[in-house]
Amino acid sequence: WKGTWLDTLSALLAAPNMPRIWEEIIAQISLNKKKYPSISNSQFIKWELKAFVAQAVTSVNKNYNKETFVVEFEKYFSKKGYNINRDIINEIYQIINN
């Protein structure tokens, strides 16, 4: 688990196109934060980013093919109430699986 966790996080942090994706995810997190007024903004962002990375690690551990990965992330983002389009999810897949 530690190896997969660190490898996945490293890939997500090192990819040159990830800053734009991180910004998009953080923008969606910030919009959703309104539903949780008792949690500080920074704590909520940390919590949600950890959940995003955990979802990515789970997808790697389950060895999802591209279509399954995309479908599972669409469900994940939808459940969170985030509007993240399929192109971004495809990029995340490419980053993690290259």
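Tutor: Met18, Arg20, Ile21 and Glu24 of H2 meet Ile88, Glu91, Ile92 and Ile95 of H5, and the model in which they do so is a predicted one.

Student: What makes H2 oblique to H5?

Tutor: The axes of H2, which spans residues 18-32, and of H5, which spans residues 86-96, come within 11 Å of each other and cross at roughly 130°. That angle makes H2 oblique to H5, because an angle counts as roughly antiparallel only over 145 degrees and as roughly perpendicular only from 65 to 115.

Student: Which residues of the largest nonpolar core touch the most other members?

Tutor: The core has 28 residues, and those touching the most other members are Leu12, Ile25, Phe52, Phe69, Phe73, Phe77 and Ile92. At least two core residues come from each of H2, H3 (41-61), H4 (66-80) and H5, and H3 gives the largest share, with seven residues. As a general background, nonpolar side chains in soluble globular proteins tend to be buried together.

Student: With which residues is Phe69 in contact, leaving aside its neighbours within four places in sequence?

Tutor: With those neighbours left aside, Phe69 is in contact with Ser59, Tyr64, Ile89, Ile92, Tyr93 and Ile96.

Student: Why is Glu48 counted as buried?

Tutor: Its relative accessibility is 4%, and the term buried applies under 20%, so Glu48 counts as buried. Glu48 lies in H3 and, apart from neighbours within four places in sequence, is in contact with Ile29, Tyr76, Lys80 and Tyr82.

Student: How do you know whether Asp7 counts as buried or exposed?

Tutor: Asp7 has a relative accessibility of 56%, and a residue is called exposed over 50%, so Asp7 counts as exposed. Asp7 has its place in H1, residues 2-14, and its C-alpha atom is separated by 15 Å from that of Lys50, 43 residues apart along the chain.

Student: What is the phi of Asn63, which is not a glycine?

Tutor: Asn63 has a positive phi of about 55°, whereas most residues other than glycine have a negative phi.

Definitions and conventions:
Residues numbered from 1 in each chain as written. Predicted model: local features only at pLDDT ≥ 70, side-chain atom pairs only at ≥ 80, totals over all residues. Heavy atoms only, no water. Axes fitted to C-alpha atoms, helices over the stretch in contact; angles between N-to-C directions. Helix = DSSP H or I, 4+ residues; strand = E, 2+ residues; numbered from the N terminus. Parallel < 35°, antiparallel > 145°, perpendicular 65-115°, else oblique. Contact = heavy atoms within 4.5 Å. Core = buried A, V, L, I, M, F, W, Y, C linked by side-chain atoms within 4.5 Å. Buried < 20%, exposed > 50% of the residue type's maximum accessible area, 1.4 Å probe, protein only.
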